[in-house]
Amino acid sequence: MIKENISNILKDIPEGTSLVAVSKFHPFSSIVEAYEAGQRIFAESRPQELSKKVAELEANPLPGLEWQFIGHLQTNKLKMVLPYVSLVQSVDSVHLLEEIDKWGKVNGKVIEVLLEMHVAEEETKQGFYEEEILDILFRVAAARQDGKKEPYPNIRFRGLMGMATNTDDEEIIRADFARLADFMDYLKDLFTEIPEFSELSIGMSGDWKIAVEYGSTMVRIGTAIFGERQY
Ligand SMILES: *Cc1c(COP(=O)(O)O)cnc(C)c1O
């Protein structure tokens with residue numbers, strides 16, 4: 001099942017769009033199954049669960065497997081997450097950026113991040129507003145232009161992550177993705193000093209086909225690969 005689900009999704013995503021398998025609430029055995037089907041990038045949303053799976057992976061190594069983090073990250077949990085992941089997709093506050101940068105400095109690691117942007121209608125969803133993202137990138141670009149020290153030297157800003165409103169109304173989902181995609185285009189034009197800011201992580205099980213139409217470079221898919229969450 002997992003294998004078929006992955007190959008069906010891969011058939012429909014364009015080359016250059018990566019598939020991130022969201023393994024949260026699924027057992028390590030499901031990760032092994034996906035890995036055997038060729039999947040290499042996995043994402044978790046809770047530090048505790050990531051730690052548990054990192055330990056399982058140490059006992060049963062799967063060469064080339066890469067973790068990403070996609071959940072709300074509290075600053076007191078950084079050490080549970082940052083040593084193990086290649087990308088934090090869910091950076092949603094300046095305070096968190098500052099703490100990640102400090103952690104990176106102390107631990108000699110440059111952390112790749114996406115800035116999570118708030119577009120959904122739900123108030124509960126996390127994320128930055130457009131002005132905040134502009135402000136962060138302006139400061140990075142200005143420092144590069146002037147050859148000065150960057151504001152977050154231990155962070156590499158790789159792009160935007162967003163979630164559409166949780167609704168069956170396709171028009172609303174399209175409007176949310178359009179806003180993210182348009183803003184991404186605008187940022188890429190504006191900040192030529194930050195060429196690595198190029199990823200647009202949009203699309204989940206229910207809406208990834210739409211997200212791909214709006215230029216998604218990473219789809220984050222759980223349920224459509226692994227089935228309903230198991231715990
Ligand atoms: C859980 C989660 C996903 C995957 O959700 P599915 O609907 O199961 O595909 C994607 N992105 C984020 C940020 C998530 O928390």
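Me: Which residues surround the ligand?

Reply: Before we zoom in, keep in mind that this is a predicted model. The ligand is surrounded by Val-22, Lys-24 and Ile-70, then Met-161, Met-163, Met-204 and Ser-205, and finally the run Arg-220, Ile-221, Gly-222 and Thr-223, plus Arg-229. Sort that shell by class and you get six nonpolar, three polar and three charged residues.

Ser-205 has a side-chain N or O atom 2.5 Å from an oxygen atom of the ligand. Thr-223 also has an N or O atom in its side chain that is 2.5 Å from a ligand oxygen. With Gly-222, it's the backbone that matters: one of its polar backbone atoms is 2.8 Å from an oxygen atom of the ligand. As for how wrapped up the ligand is, on its own it has 390 Å² of accessible area, and the protein covers 90% of that. The space the ligand takes up is the largest pocket.

Let's zoom out for some context. If you follow the C-alpha trace along its principal axes, it spans about 50 × 45 × 35 Å.

Definitions and conventions
Residues numbered from 1 in each chain as written. Predicted model: local features only at pLDDT ≥ 70, side-chain atom pairs only at ≥ 80, totals over all residues. Heavy atoms only, no water. Near = heavy atom within 4 Å. Polar contact = N/O pair within 3.5 Å; in protein donor to acceptor, adjacent residues only side chain to side chain. Areas by Shrake-Rupley, 256 points an atom, 1.4 Å probe, with all protein chains shown as cover. 1 Å grid on protein atoms, 1.4 Å probe; cavity = no way out; pocket = protein on both sides within 12 Å on 5 of 7 lines; lining within 4 Å. Sits in = over half its atoms within 2 Å of the grid points. Nonpolar A, V, L, I, M, F, W, Y, C, P; charged D, E, K, R; others polar.
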